[in-house]
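This report describes a structure chain by chain and contact by contact. The sequence and model come first.

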Amino acid sequence: MEQVGDNIIRHVSNSDIDHPIFSFPHLFHIDPTHPLYSWLAAMSVTKHVLMLWIVALTVGLVVILPIQRYVQQRRLIPTGLMNALELIVSFVRDSIVKPNVGPKWVNSWAPLILTFLFFIFFANAIGMIPIFDVLGVINRFIFHVPANDSHNFINGLLHGGPTATGNFNVTAALAIITFLSIIIAGTKAHGFIQHWKNLVPHGLPGFVYVILIPIEIIGMFVKPFALTMRLAANMTGGHIALLAILSFMAIFADMFHSVFAGLGVALISVPLAAAISGLEIIVIIVQAYVFTLLSAVFIGMAINVHH
Amino acid sequence: MEVIHYFGAALGLGLIVIGAGLGIGRLAAAAADGIARQPEATDKITGAVNLPLFLLEGVAILAEVFVLLIVLMK
């Protein structure tokens, strides 16, 4: 019963820093304790980094390749996958970016927002596909690799259909891009000095500024922080809820010392988990949309100042 | 007294659900009301409701993360 909590945490967290999936010092036969190469050990590929690579590959195959092929062909009529992509792209440009950023800057900020949308959507969605859990079952029962073999590649990946966006570091990196783009957008629209002046409205009595300026500066950092937390916590929370409901089977079987108790609970918890998976699919789409929408709103707030 | 932080976390979770539920409920009620009165403004109302909804959800999620931290870090 104590294993349940560990299992859940291992599923949502990144791999242990001592047991990464590819360890570069290991691959190149270098002593990791050597001071010159210690950075190489820190660069080792963990579960979430591997997932980010897979996401990048998927975005390349599903989004970039069809668009390149469409741009190179002579006909203007899109076919197949390009139809769906064009629908999404025009939706994002016309109803997320344009109302917030304004018609003048729409073409300079739509690419960034679209990149956010596709990357976050694929990163969220791949986390819901239990690729590695299936590979783990094959590994365990067909190739007979023992579960405690920590040097096995598949075993290193196990306990995670890892969602890369469920890691706070990944979403923090995305939010930092938003943070910098807010400053760049304001600077390009109003000039460097004027952008910082725009943070507070002018023409107020002096004592108001004493309160307002710190609040606005804190707000500047709170925006990306909230973006980070919202995305990562949503992705992690969904997985924890799913696993906790499925773990009831193990918990009840252990509590009553009988397999049938577990099977009885399975009658309730498996359909419930299936329903929550359906909810998770909505959450995946909504969170990708929310991140892009809020990024567009914040960039728009720096460009169209309301005072 | 070893497990008292669990009480705090459970109480906090309940309060978060009450707060977030009330907030989202009020938003949804007002939006439904507005759309019923003026069906042609549906798109504008949905757009205006979306942003505060997500900001509110963000606050609730943040609170949940802190509750989780209380439990995990004691």
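## A salt bridge in chain B

In helix H1 (residues 4-37) of chain B, B:Arg37 and B:Asp33 sit four residues apart, so about one helical turn separates them. Their side chains meet in a salt bridge, with 3.5 Å from N to O. The model is a predicted one.

The two partners fall into separate accessibility classes. B:Arg37 has a relative accessible area of 67% and is therefore exposed, while B:Asp33, at 39%, is partly exposed.

## Salt bridges in chain A

Over all chains, the structure holds three salt bridges. In chain A, A:Arg93, A:Asp94 and A:Lys98 are linked in a network of such bridges. A:Asp94 pairs with A:Arg93 at 3.2 Å, N to O. A:Asp94 also forms a salt bridge with A:Lys98, where the closest N and O atoms are 4.0 Å apart.

A:Asp94 and A:Lys98 both belong to helix H5 (residues 81-101) of chain A and are four residues apart, about one turn of the helix. What is the accessibility of A:Asp94? Its relative accessibility is 38%, so A:Asp94 counts as partly exposed. A:Arg93 is likewise partly exposed at 35%, and A:Lys98 is partly exposed with a relative accessible area of 35%.

## Architecture of chain A

Chain A has 12 helices and zero strands. Of its 307 residues, 39% count as buried. The chain exposes about 17,300 Å², and carbon and sulfur atoms supply 73% of that area.

## The interface between chains A and B

How many residues of chain A are in contact with chain B? There are 14, and they touch 11 residues of chain B. The area buried between chain A and chain B is about 1,000 Å², with carbon and sulfur atoms giving 81% of it. The count of salt bridges between the two chains is zero. Three residue pairs, both members at pLDDT 80 or more, are in polar contact across the interface.

On the side of chain A that touches chain B, helix H11 (206-255) and helix H12 (259-303) each supply at least two residues. H12(A) gives the most, with seven residues. By class, this side of chain A has 11 nonpolar, two polar and one charged residues.

Methods: Residues are numbered from 1 along each chain as its sequence is written. Chains are lettered from A and ligands numbered from 1 in the order in which they are written. This is a predicted model: local features need pLDDT of at least 70, side-chain atom pairs count only at pLDDT 80 or more; totals for chains, interfaces and linings use all residues. Side-chain values use heavy atoms; hydrogens and water are left out. Contact means heavy atoms within 4.5 Å. Buried area is the accessible area (1.4 Å probe) that two parts lose on being put together, summed over both. A polar contact is a pair of N or O atoms within 3.5 Å; within protein, one must be able to donate a hydrogen and the other to accept it, and residues adjacent in sequence count only if both atoms are side-chain atoms. Ala, Val, Leu, Ile, Met, Phe, Trp, Tyr, Cys and Pro count as nonpolar, Asp, Glu, Lys and Arg as charged, and the others, Gly among them, as polar. Buried means under 20% relative accessible area, exposed over 50%, partly exposed in between (1.4 Å probe, protein chains only). Accessible areas come from the Shrake-Rupley method with a 1.4 Å probe; for residues, only the protein chains shown count as cover.
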